[in-house]
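This report describes the fold, the surface and selected residues of one chain. The sequence and the structure are shown first.

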Amino acid sequence: GACEAVVGALRAHAGHAGVAEQACAAVQNLAYSSVANETRLGAAGACEAVAAALWTHAGPGHARLHDCACGAMQNLAAAHPGNRAELAAAAGSRASLLQLVARCSAPVESKHRVEMALR
């Protein structure tokens with residue numbers, strides 16, 4: 001389905017910032033207000049793939065990607081404790097993930113929403 005295809009594209013083209021941005025935006029939209037899609041995306045590896053995209057493209061010049069990745073993480077974690085744990089594990093720990101989010105160039109509001117979703 002769509003969830004698996006988006007995660008597959010993100011993994012296959014993780015080094016390409018433009019593809020990573022669009023895939024993170026798609027994950028954000030698919031996971032929005034849909035526990036079923038949060039579950040499908042989590043099972044497909046979206047948590048790891050989104051965290052990896054943020055890590056890979058952590059430098060300046062990728063603000064839109066950072067914003068999309070933060071939105072994807074927020075929506076993946078919103079109603080799914082398993083995805084919260086997967087996101088933290090993908091970064092090594094919850095603290096490491098929050099440090100990565102804090103260093104990215106997403107808007108402050110986006111960063112705050114990720115922090116709230118990971119509580």
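## Order of the elements

From the N terminus onward, the elements of the chain follow the order α-α-α-α-α-α-α-α. The secondary structure amounts to 8 helices and 0 strands; helices (H or I, at least four residues) and strands (E, at least two) are DSSP runs, numbered from the N terminus.

The model is predicted: local features need pLDDT of at least 70, side-chain atom pairs count only at pLDDT 80 or more, and totals for chains, interfaces and linings use all residues. Residues are numbered from 1 along each chain as its sequence is written, and side-chain values use heavy atoms, with hydrogens and water left out.

## Overall dimensions and packing

The radius of gyration of the chain is 12 Å, which agrees with the value near 14 Å that a compact globule of 119 residues would have. This radius is taken over C-alpha atoms, and the globule rule is 2.2 Å times the number of residues to the power 0.38. Along the principal axes, the C-alpha atoms fill a box of roughly 35 × 30 × 25 Å.

Of the 119 residues, 45% count as buried; buried means under 20% relative accessible area, exposed over 50%, and partly exposed in between (1.4 Å probe, protein chains only). Among the contacts in the chain with a separation of 6 or more, 69% are accounted for by residues 24 or more positions apart. Contact here means heavy atoms within 4.5 Å.

## Surface and charge

The chain carries 9 positive and 8 negative side chains, and the centres of the two sets lie 4 Å apart. Lys and Arg count as positive and Asp and Glu as negative, whereas His and the chain ends are not counted. Each charge is placed at NZ of Lys, CZ of Arg, CG of Asp or CD of Glu.

## Cysteines

A disulfide is a covalent bond between the sulfur atoms of two cysteines. The criterion applied is a pair of cysteine sulfur atoms within 2.5 Å, and the structure holds 0 disulfides. C104 is in no disulfide, the nearest cysteine sulfur being that of C70, at 4.0 Å. C104 is buried, with a relative accessible area of 5%.

For C47, the closest cysteine sulfur is in C24; the separation of 11 Å is too far for a bond. C47 also counts as buried, at 2% relative accessibility.

## A buried histidine in a loop

H57 is located in the loop between helix 4 (46-56) and helix 5 (63-77). Its relative accessible area is 6%, and H57 is therefore buried. Apart from neighbours within four places in sequence, H57 is in contact with A14, G15, H16, A17, A20, H62, L65 and H66.

L30 is found in helix 2 and is partly exposed, with a relative accessible area of 22%. When residues up to four places away in sequence are not counted, L30 touches A2, C3, V6, N37 and L41. From A26 to A53, 27 residues apart along the chain, the C-alpha separation is 13 Å.

S33 occupies the loop between helix 2 (17-31) and helix 3 (35-44). Most residues other than glycine have a negative phi. The phi of S33, in contrast, is positive, near 55 degrees. S33 is exposed, with a relative accessible area of 67%.

## Helix 8

V108 is placed in helix 8 (residues 108-117) and is exposed, with a relative accessible area of 62%. V108 and G45 are 63 residues apart in sequence, and their C-alpha atoms are 26 Å apart in space.

H112 is found in helix 8 as well, and is partly exposed at a relative accessible area of 43%. Between H112 and L98, 14 residues apart along the chain, the C-alpha separation is 9.8 Å.
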